[in-house]
Amino acid sequence: MDKPQIILHIQKSLNYTLFDTKWIPCSAKFVVLGNYARGTGALQVYEVSHGELKCITDVEKSKPFKCGTFGASSLQNRHLATGDFEGKLQIWNLENLELPLYSVKAHKEIINSIDAVGGLGIGEGAPEIVTGSRDGTVKVWDPRQKNEPVASMEPGEGESKRDCWTVAFGHAHNAEDRCVAAGYDNGDIKLFDLKAMALRWETNIKNGVCCLEFDRKDISMNKLAATSLESKFHIWDMRTQHPQKGFACVTEKAHKSTVWAVRHLPQNRDIFMTTGGNGSLNLWKYSYPSNRVTKDGEGVAMGVAGTINLQQNVTLSTQPISSFDWSPDKEGLAVCSSFDQTVRVVIVTKLRTI
C-alpha cells in the first residue's frame, strides 16, 4: 500500500460520444466535449460536489466538437477554445454560450487536435492556439487577429498530405521562443521552431502518433512524450540535439493496445499518465540518468535517455480512454472520458512518495 493508488471517485454515463474533457482552471468544474448520434455537438460543464457530478451547463451546437483547450485564455476569463468536425476553431465564454467570442474556418476538414499557450500564466509571449487537422496542415492562431493564422505548416509541393492527429506547444520560456510538435498518422513527428519559422527536427516512430505532450510548455524544452497505435510510447530528452542522431529517446510498451493519450502531472513533470485502448490508466515515473549529456566518437555532445518505471495501473472501462486531464489546482485529481460514453473522476494518491 506504499504505492500510489488510482481510485475511481465518480463516474457518470452520458448520452453522446465523448471526445475530450478539460478541467476549468481554479475550479472544481470540467468541460466535456462530444458528438450526439444525430450529428450535433455536445458541450457540457460538470461540477464535482459532495461526491457527485452536477451538470451546470448543457448546450448543443450544429457540429460535433473534437477537442478543446483553455491554454490561451487568462485565469480571469477562462475562455474555452474548441476544434470541431467542420474545421472550425471557436472560442467560448462558458458563462454565455449563445455565440462564440471568436470563430474562424481554420481547416478544410476536422480539427483532430488543439493546444494553446500564453494564457493561464503558462509560458511567455502572446496567447496562441495551434490546430492540427485531417487536411494535413498545422496552423497557429492568435485570437487577437481575425481570420488569418500567424503561421501555417503545410506539406511542400509534391509531398503527400498526412492526417495530423496531434499537436503540442513547448519551449515557451521567453517572449520570442516557441515550438510546436505535430504527430501524423504515418508515424511522422515534426518539431517546428516558430521563432525561426523552420523545421527543427523530425523523426518517424513507425506507427500513427496518437498524442504528443511536452512535460512543460513554459520552460526550455526538456522532455517530449509521444504515444502510438501499437502499445508503445516514447520519451525524448529535448535538451541536447545531436546533428545526426537527434534527441535521445526511451521507448516503453504499455496497455497491449493503442496508447491514446499522455498527460504529465502539473505539480511534478517527471510523473505522467498514459491511457489505453483497453480502458486502462497507467501511471509512470521518468528517472534521469546520472549524466544527461555524453560525447560521441568525434567529441560532439549527445543526449542520454533516462528510464521509465510503471508506478500503478488500473482498468476502468471496456472501451478506449480517449482523453485525460489532471486538475491544475488539486494534485492527484483527474478526469477522463472513454468511448463507453462515460466520464470518470479519479483520484491518484501518494504522488509525493514517488
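Me: Is Ser 322 buried or exposed?
Reply: Buried: this is a predicted model, and in it Ser 322 has a relative accessibility of 12%, which is under the 20% cut-off.

Me: Ok, and where is Ser 322 found?
Reply: In strand β28, which covers residues 321–326.

Me: What does Ser 322 touch, leaving out residues up to four places away in sequence?
Reply: Leu 18, Phe 19, Trp 260, Ala 261, Ser 337, Ser 338 and Phe 339. Among them, Phe 19, Trp 260 and Phe 339 also belong to one aromatic cluster.

Me: Which residues form that aromatic cluster?
Reply: Phe 19, Phe 85, Trp 260 and Phe 339.

Me: How many aromatic pairs does the structure hold?
Reply: There are 13. One of them joins Phe 233 and Trp 284, with 4.9 Å centre to centre and 65 degrees between the planes, an edge-to-face arrangement.

Me: Where do Phe 233 and Trp 284 lie?
Reply: Phe 233 is in strand β20 (residues 232–242) and Trp 284 is in strand β24 (residues 280–287), so their pair links parts 51 residues apart in sequence. Both Phe 233 and Trp 284 are buried.

Me: Switching to charges over rings. What lies over the face of Tyr 36?
Reply: Arg 38, at 4.7 Å from the ring centre. Arg 178 likewise lies over the face of Phe 169, at 5.8 Å from the ring centre.

Me: Now the whole chain. How many helices and strands?
Reply: Zero helices and 30 strands. The radius of gyration is 19 Å, close to the 20 Å from the globule rule for 354 residues, so the chain is as compact as a globular protein of that length. Along the principal axes, the C-alpha trace spans about 60 × 55 × 35 Å.

Me: What share of the residues is buried?
Reply: 57% of the 354 residues. The accessible surface is about 14900 Å², and carbon and sulfur atoms account for 45% of that.

Technical notes. Residues numbered from 1 in each chain as written. Predicted model: local features only at pLDDT ≥ 70, side-chain atom pairs only at ≥ 80, totals over all residues. Heavy atoms only, no water. Phe/Tyr/Trp six-rings, centres within 6.5 Å; stacked < 30°, edge-to-face > 60°. Helix = DSSP H or I, 4+ residues; strand = E, 2+ residues; numbered from the N terminus. Buried < 20%, exposed > 50% of the residue type's maximum accessible area, 1.4 Å probe, protein only. Lys NZ or Arg CZ within 6 Å of the ring centre and 35° of its normal. Contact = heavy atoms within 4.5 Å. Rg over C-alpha atoms; globule rule 2.2 N^0.38 Å. Areas by Shrake-Rupley, 256 points an atom, 1.4 Å probe, with all protein chains shown as cover.
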